[in-house]
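I opened the file to look up how its parts touch. These are my notes, in the order in which I made them.

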Amino acid sequence: MTLVKESPPVTRKARSGAPAVKRRGRRENLAGYLFMSPWIAGFLLLTAGPMVASLYFAFTDYNLFNTPKWVGLDNFTKMFDDPRWQKSVEVTAKYVIIGTPLKLLLALGVALLLAQSRRGQAFYRAAFYAPSLIGASVSVAFVWRSLFSDHAIVDRTMSVFGFHVGGWVGNPDWILYCLVALTVWQFGAPMVIFLAGLKQVPKELYEAAELDGAGAFRKFWSITLPMISPVLFFNVLLETIHSFQIFGSAYVVSNTYCGPADATLVYTCYLYQQGFKNAQMGFASAMAWMLLLAVALVTAVLFWSQKKWVHYENATEDAR
Amino acid sequence: MSATTPAAPKPLGGLGRKRAGSLAWHIGSLLVLAVVLYPVVWVIGASFKPSKDIINSLQLFPAHPILENFKGLADGIADVSIWTFFQNSLVYAGGAVVGILISCSLTAYAFAKIRFAGRNLLFALMIGTLLLPYHVLLIPQYVMFQKLELINTYVPLLLGKYLATEAFFVFLMVQFMRNLPRELDEAARIDGCGHLRIYWSIVLPLCRPALITSAIFTFINAWNDFMGPLIYLNEPGKYTVSLGMMMFRDSDGVAANYGGLIAMSLVALLPVLLFFLAFQRYLIDGMATSGLKG
């Protein structure tokens with residue numbers, strides 16, 4: 001039906017020619033590892049080593065000053081029975097499940113809006129992106145606390161529509177949505193990525209579809225969405241993983257208590273409390289590994305599902 | 001109205017419909033803009049209000065702006081000057097930028113330009129660390145730095161930057177270097193240049209956009225970093241801005257000096273906002289390419 005004539009403007013690399021490098025091979029290896037040495041040192045010292053240590057701590061009773069004592073699965077059984085741990089899982093799940101789709105929907109919606117016109121696009125794109133740079137700061141967390149307090153703008157605006165909450169920050173039913181609003185406010189980063197993806201959709205596809213009499217929705221569903229699905233996948237993956245790890249804003253917005261009533265006890269807040277306030281390094285390590293497993297599981301499911309919905313135009317062009 | 005613009009073909013429709021569409025576009029964009037920028041504008045206005053008006057007054061800018069909030073900042077807090085916080089943040093952010101630029105560009109050069117055994121495996125490992133939650137490393141790293149008696153120094157915050165642990169920047173630079181014309185370094189090789197020479201004289205200068213993007217992102221990330229300083233610094237004289245600000249709040253969350261807190265928030269945001277205004281192109285392009293090639 002439709003013929004893709006134009007290959008995307010991504011620079012195609014000539015197949016890296018392998019001239020007579022046999023003699024040079026050893027020198028290249030040496031040079032490669034010398035250049036890589038900072039990364040290799042960092043990987044061993046700050047990533048691989050700590051991962052092994054953390055896995056070991058997870059099975060021990062350790063408070064930083066004693067010698068770690070092997071306790072088997074105790075930390076994990078304690079963890080699963082711990083109501084506060086359960087609460088932190090619930091809070092984090094809620095935050096991820098509500099916040100991430102909202103943020104991505106808004107990012108996609110605004111990207112579609114901006115993509116329609118060249119005029120002013122650069123300005124809006126820059127302005128919408130700004131919150132993503134400052135959103136993680138303590139300053140913005142304090143601003144957020146203020147904007148969502150009793151009698152402040154958000155409460156008053158909502159009251160106009162007959163929706164009176166009062167102070168969101170002190171209200172255990174609402175404070176989490178204050179954090180959700182903060183992450184949705186930072187929709188600019190995924191939006192920029194969506195926009196870049198939208199730019200690469202060949203115009204001919206739309207022309208052909210219009211000749212066939214396709215409407216706006218049909219064009220979106222059958223052309224735009226499949227064509228940007230790799231970008232969508234990237235955004236879903238990164239934003240989901242990212243929001244699992246929220247810490248700073250929850251900590252500051254809730255005034256360091258992750259409350260009231262543990263309402264903003266996100267996973268990392270509880271991990272921080274257990275590890276650094278209660279010196280339960282073993283328990284906190286077990287928690288960290290559960291987080292890693294959860295993130296790995298979500299990543300695996302997303303990669304598995306990608307076969308069903310992500311459409312790669314040049315799937316074979318894999319340089320590596 | 002300009003008839004000659006080679007813009008994307010628009011769906012057929014009368015001029016009136018087109019204009020209505022354009023109007024709707026602008027209204028929609030401006031609406032989003034208002035919501036997005038409101039908190040930033042709010043904090044500017046609020047920092048010129050007396051403490052008691054900050055929350056209760058809906059006026060964005062006060063009729064009678066006051067400077068007391070900023071004057072109060074000059075006194076510092078708990079015997080620490082706020083300049084100390086700024087100096088500390090500058091040391092952290094500046095040190096991080098230098099570290100990232102050196103270590104990540106060296107690593108990226110190896111991945112992009114040197115064919116050595118095990119390259120693909122290491123590259124896969126590097127990409128894997130992109131997805132690794134930092135919290136798994138938090139506790140063992142703390143234990144390690146504690147045993148080395150490096151708590152309350154900047155070493156724990158900076159060491160990783162000098163050891164290229166920020167995979168995102170390595171990845172960004174690798175992508176950039178791979179797209180450089182191959183002929184340049186091949187010509188240099190024929191002239192007898194070694195890798196160090198090619199890296200320094202050819203690849204690095206050509207990578208300037210990627211280096212600038214990485215530098216600014218690094219600076220902003222370090223400036224905003226809260227968890228690192230919270231865990232590793234425990235003496236107010238060493239606090240960075242983001243940690244120092246926490247001293248302005250009261251235990252009940254309503255700061256005694258609310259105006260000071262808001263003024264401090266604004267001052268702490270300024271470097272990031274200025275960087276953004278100056279370099280937004282680099283930041284947005286860097287962001288956009290990261291998604292396309294991911």
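I am working from a predicted model.

Entry 2, chain A against chain B. I looked up the residues in contact and found 86 of chain A against 76 of chain B. I then asked which element of chain A supplies the largest share of the side that touches chain B. Helix α1 of chain A, residues 25–57, does, with 20 residues. I sorted that side of chain A by class and got 54 nonpolar, 23 polar and nine charged residues.

An unreviewed UniProt entry places "transmembrane region" at residues 23–44, 90–112, 121–142, 154–177, 198–220 and 255–279 of chain B. I checked two of these spans in the model. Residues 23–44 of chain B are 100% helix and 0% strand, and their end C-alpha atoms lie 30 Å apart. For residues 154–177 of chain B I noted 79% helix and 0% strand, with the end C-alpha atoms 31 Å apart.

The assignment divides chain B into domain 1 (15–72) and domain 2 (76–293). I noted 32 Å between their C-alpha centres. Twelve residues of domain 1 are in contact with eight residues of domain 2. On the domain 1 side, α1 (15–46) and α3 (68–74) of chain B each supply at least two residues. The largest share, four residues, comes from α3 of chain B. By class, I recorded six nonpolar, four polar and two charged residues on this side of domain 1.

Terms used. Residues numbered from 1 in each chain as written. Chains lettered and ligands numbered in written order. Predicted model: local features only at pLDDT ≥ 70, side-chain atom pairs only at ≥ 80, totals over all residues. Contact = placed C-beta atoms within 7 Å. Nonpolar A, V, L, I, M, F, W, Y, C, P; charged D, E, K, R; others polar. UniProt positions renumbered as here; feature names shortened; annotations may be inferred. Domains from an automatic or database assignment.
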